[in-house]
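Visitor: Hi, could you walk me through this structure?
Guide: Gladly, let us look at it together.

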Amino acid sequence: MVKHVILWKLKEELGDKSRQEVLSGIKDNLEALAGKVPGLINITVITSPLASSNTDVMLDSELENEDALKAYQVHPEHVKAADTYVRPYTETRMCMDYEV
């Protein structure tokens, strides 16, 4: 099994209302990939970090193997969600993939 973890920092210029809408869009649309992407076992998006955090969003997902991860990254549903709900609103992205 492979863990795929991403941390994002939202763009500073988002207002509070827009920020909440963006966070909801990221969470709803990425978690909706469950059951749509072959090899994706579990996907959870955290949008309410503690004040001690220095990022705004965390994606925690599990995939069957590294090949499933590679397929997930280019899957049309994933690309659509990322291009529409994540990339336009984030300024920093950190990723860690590892085997468990």
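Visitor: Which residue does Lys-3 form a salt bridge with, and how far apart are the closest N and O atoms?
Guide: In this predicted model, Lys-3 forms a salt bridge with Glu-62, and their closest N and O atoms are 3.7 Å apart. Because Lys-3 lies in strand β1 and Glu-62 in strand β3, the pair ties together parts that are 59 residues apart in sequence.

Visitor: And what does Asp-60 form a salt bridge with?
Guide: Asp-60 forms a salt bridge with Lys-3, with 2.6 Å between the closest N and O atoms. Here Asp-60 lies in strand β3 and Lys-3 in strand β1, so this pair ties together parts that are 57 residues apart in sequence.

Visitor: Is Lys-3 buried or exposed?
Guide: Lys-3 is buried, because its relative accessible area is 11% and the cut-off for buried is under 20%. Asp-60, at 23% relative accessibility, counts as partly exposed.

Visitor: How many salt bridges are there by this rule?
Guide: The count comes to seven salt bridges. Another one of them joins Asp-56 and Arg-19, whose closest N and O atoms are 2.6 Å apart. That pair links distant parts of the chain, since Asp-56 sits in the loop between β2 and β3 while Arg-19 belongs to helix α1, 37 residues apart.

Visitor: Which residues are joined with Arg-19 and Asp-56 into one network?
Guide: Lys-9 and Glu-12 are joined with Arg-19 and Asp-56 into one network, through salt bridges that share partners.

Visitor: Let's switch to the helix, then. What should the 16 residues of α1 span?
Guide: At 1.5 Å a residue, the 16 residues of helix α1, which are residues 16-31, should span 22 Å, and the end C-alpha atoms are 22 Å apart, which agrees.

Visitor: Which residues of α1 are buried?
Guide: The buried residues of α1 are Val-22, Leu-23, Gly-25, Ile-26 and Leu-30. They cover an arc of only 160 degrees around the axis, which puts them on the same side of α1. As background, an α-helix has 3.6 residues a turn, so residues three or four places apart point the same way.

Visitor: What's exposed on the other side of α1?
Guide: On the other side of α1, the exposed residues are Asp-16, Lys-17 and Asp-28.

Visitor: And what covers the buried residues of α1?
Guide: What covers them includes the strands β1 (2-10), β2 (40-46) and β3 (57-63), together with helix α3 (76-86).

Terms used:
Residues are numbered from 1 along each chain as its sequence is written. This is a predicted model: local features need pLDDT of at least 70, side-chain atom pairs count only at pLDDT 80 or more; totals for chains, interfaces and linings use all residues. Side-chain values use heavy atoms; hydrogens and water are left out. Helices (H or I, at least four residues) and strands (E, at least two) are DSSP runs, numbered from the N terminus. The expected span of a helix is 1.5 Å times one less than its number of residues. Buried means under 20% relative accessible area, exposed over 50%, partly exposed in between (1.4 Å probe, protein chains only). The arc is that of the directions from the helix axis to the C-beta atoms. Contact means heavy atoms within 4.5 Å. A salt bridge is a side-chain nitrogen of Lys or Arg within 4 Å of a carboxyl oxygen of Asp or Glu.
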